[in-house]
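Keep the structure open while you read.

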Amino acid sequence: MASFPYRCRHLLAAMLMLTPPCLVAAASSVETNQPWWKRAVIYEVYVRSFQDADGDGLGDLRGVVDRLPYLQRLGVDAIWLTPFYPSPQVDFGYDISDYRSIDPRFGSLANFDRLVAEGNRRGVRVIVDLVLNHTSDQHPWFRESASSRDNPRADWYVWSDGVPVDAPSVDAVQRRFAHEGRAPPNNWTSGFGGSAWEWVPARRQFYYHRFYRQQPDLNWRNPAVERAMTDVMRFWLDRGVAGFRLDAVTSLFEDPALRDEPAAGGLDAFGMPKLRHVLTDDLPEEHAVIRRLRAMVDRYSGSRVLIGETWVDGAASMRRWYGAPALDELQLPMDTVLGFGGPRYSPDWFRRRLREAQTGFGGGQPLFVFDNHDTERSIDKFADGVHDIAIAKGIATILYASQATALTYYGAEIGMRTRPPLRREDVRDPIGLAGWPQDKGRDGERRPMQWTAGAQAGFTTNPSPWLPVDPDRARANVASEEADPASLLGWTKALIALRRSEPGLQGGTMTLLDTVPPGVLAWQRLPGRGPRIWVAINMSAVAQDMALPAGAKPHALLTTEAAASHDGRALHLPPFAIWIGRVG
Ligand code: TEU
């Protein structure tokens with residue numbers, strides 16, 4: 001079990017909360033019958049940016065092995081590794097050209113096996129990212145498929161003859177993407193710029209790509225594709241992975257009739273009409289495939305887990321991704337609405353969404369996530385410029401003290417900031433090149449991990465890392481925050497330790513509290529056994545008093561340095577303070 005960063009020696013001091021964030025209770029870990037992933041903390045390692053062990057300026061698998069002790073200290077149960085497979089790196093590994101190997105830039109299969117073994121020794125499981133929706137255009141499957149209309153893999157991707165360029169259905173936008181007298185078959189757009197259709201002269205046909213043109217979509221209506229991908233999954237399961245994070249999993253299928261999608265109004269960052277993706281995303285055909293993949297994974301021992309990148313817009317769709325009520329599809333579809341949909345740091349939004357996750361997911365286990373390699377870091381999204389760290393502590397509290405599996409992203413625990421490039425010539429992410437200046441791409445949230453305040457932040461010895469380290473490393477880095485219990489890292493460690501040790505934060509039920517002062521988000525955790533817990537977050541810049549239940553015997557477990565306290569009848573919450581405790 002992770003060691004606690006600090007303890008309160010005297011109960012009185014603890015009750016008065018005069019000290020920095022203070023962990024009072026240190027009960028030993030509670031045994032539960034739940035599968036490991038239900039109470040897990042999962043940590044996304046963006047491999048390119050985490051730790052460079054060989055000095056080439058790019059993170060690698062040996063680097064991750066070197067940092068396992070840190071992850072263990074933090075209390076991480078599993079890491080999700082972003083793609084490390086051989087790849088042309090057009091989309092930094094999400095364009096895979098060989099699913100059963102390691103790109104030499106990141107290491108070797110021997111390095112991978114060592115990471116799994118060392119990780120297991122330290123209680124850190126390894127989850128791999130798997131891209132089922134598309135391959136690289138350099139994958140042998142696609143090269144073969146693109147070579148003619150009658151090769152053995154001719155039907156492995158989504159091909160179309162298109163339509164005559166002068167057909168009445170063809171609009172001006174489609175006409176721009178015409179070749180040899182043929183226009184794309186419909187108005188579908190790529191999420192990464194331009195038409196979703198790319199012409200291949202050898203076949204005199206277009207192929208569909210939801211993402212870059214170098215990422216052709218596989219044809220999941222072809223059972224051979226499913227068989228091939230199932231074999232890939234077995235390959236990694238046999239090597240000991242704890243599960244998969246399934247990339248873009250909601251877009252495996254497209255409308256077989258290739259009908260136009262309705263316009264959503266306006267233009268995207270690349271100048272294409274915005275569409276409602278009702279015919280290329282979240283189609284019902286998906287679910288039979290996911291059920292079969294889940295059944296296969298379930299035949300392995302050790303509760304292997306399927307995590308889904310599920311950008312869907314509400315609980316009804318989430319229930320389908322769990323396969324409710326049977327719960328025979330993804331164990332952990334990401335709740336992207338809670339984590340990425342919120343407008344600002346205010347209780348109403350979170351109260352509604354947390355309640356929805358508790359009651360609206362058909363019994364599925366929520367997976368909360370606020371940060372990843374595709375989106376602005378949550379600290380920048382919610383910060384007010386004055387109370388940034390206090391706000392980040394509030395987000396961490398929602399993540400770790402609610403009844404959900406927690407998914408975090410490297411650097412969130414130290415308050416790393418989003419730092420997009422200032423000049424177009426510095427951009428590495430092709431989205432930023434195509435979308436500049438409206439969309440600067442995703443480099444900003446992918447900067448090297450800040451281990452120290454040193455020249456290359458302890459990430460690499462190379463003077464030119466693949467993305468420059470952020471000057472903010474002097475303020476936010478592991479070395480200084482590990483030494484400071486009042487830091488964001490100190491708070492995060494204490495939260496995770498409490499989550500592991502306190503029965504009230506494991507299992508049981510979670511109820512949002514409605515009778516709270518303005519600006520306060522609070523909930524109750526009621527375990528099967530043991531005292532109930534209250535978690536109260538003052539999200540406002542005004543001090544608030546919150547009444548305790550009659551007869552409560554409040555006992556603080558963890559509070560921020562803002563000296564949240566109680567007098568037996570009410571919690572006193574200074575601006576942005578957080579109080580977690582037993583209320584009897
Ligand atoms: O992202 C899928 C996804 O929906 C993205 O389009 C996301 O909305 C976008 O990156 C925001 O700018 C996954 C991966 O997480 C992403 O890194 C890949 O680029 C993408 O799939 C293609 O594989």
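Axes here are lines fitted to C-alpha atoms, for helices over the stretch in contact, and angles run from 0 to 180 degrees between N-to-C directions. Two packed helices are described by the angle between their axes and the distance between the axes. The model is predicted.

**Helix pair α14 and α17**

- Helix α14 covers residues 388-401, and helix α17 covers residues 488-501.
- The two pack at an angle of about 15°, and their axes lie 10 Å apart.
- Angles under 35 degrees count as roughly parallel, so α14 and α17 are roughly parallel to each other.
- The crossing of α14 and α17 is right-handed.
- On the α14 side, the contact is made by Ile389, Ala392, Lys393, Ala396, Thr397, Leu399, Tyr400 and Ala401.
- On the α17 side, Leu488, Trp491, Thr492, Leu495, Ile496 and Arg499 make the contact.
- By class, this contact has 10 nonpolar, two polar and two charged residues.

**Largest pocket**

- The largest pocket holds about 1,300 Å³ of space.
- Its lining counts 41 residues.
- Gly191, Arg210, Phe211, His277 and Trp311 are the closest of these to the pocket centre.
- By class, the lining of the largest pocket has 13 nonpolar, 14 polar and 14 charged residues.

**Elements behind the pocket lining**

- β9 (243-247), β11 (273-275) and α10 (315-322) each supply at least two lining residues.
- β11 gives the largest share of the lining, three residues.

Note on methods:
Residues numbered from 1 in each chain as written. Predicted model: local features only at pLDDT ≥ 70, side-chain atom pairs only at ≥ 80, totals over all residues. Heavy atoms only, no water. Helix = DSSP H or I, 4+ residues; strand = E, 2+ residues; numbered from the N terminus. Parallel < 35°, antiparallel > 145°, perpendicular 65-115°, else oblique. Left-handed = near helix turned anticlockwise from the far one by under 90°. Contact = heavy atoms within 4.5 Å. Nonpolar A, V, L, I, M, F, W, Y, C, P; charged D, E, K, R; others polar. 1 Å grid on protein atoms, 1.4 Å probe; cavity = no way out; pocket = protein on both sides within 12 Å on 5 of 7 lines; lining within 4 Å. Points joined across faces, edges and corners; volume = space filled by probe spheres on them.
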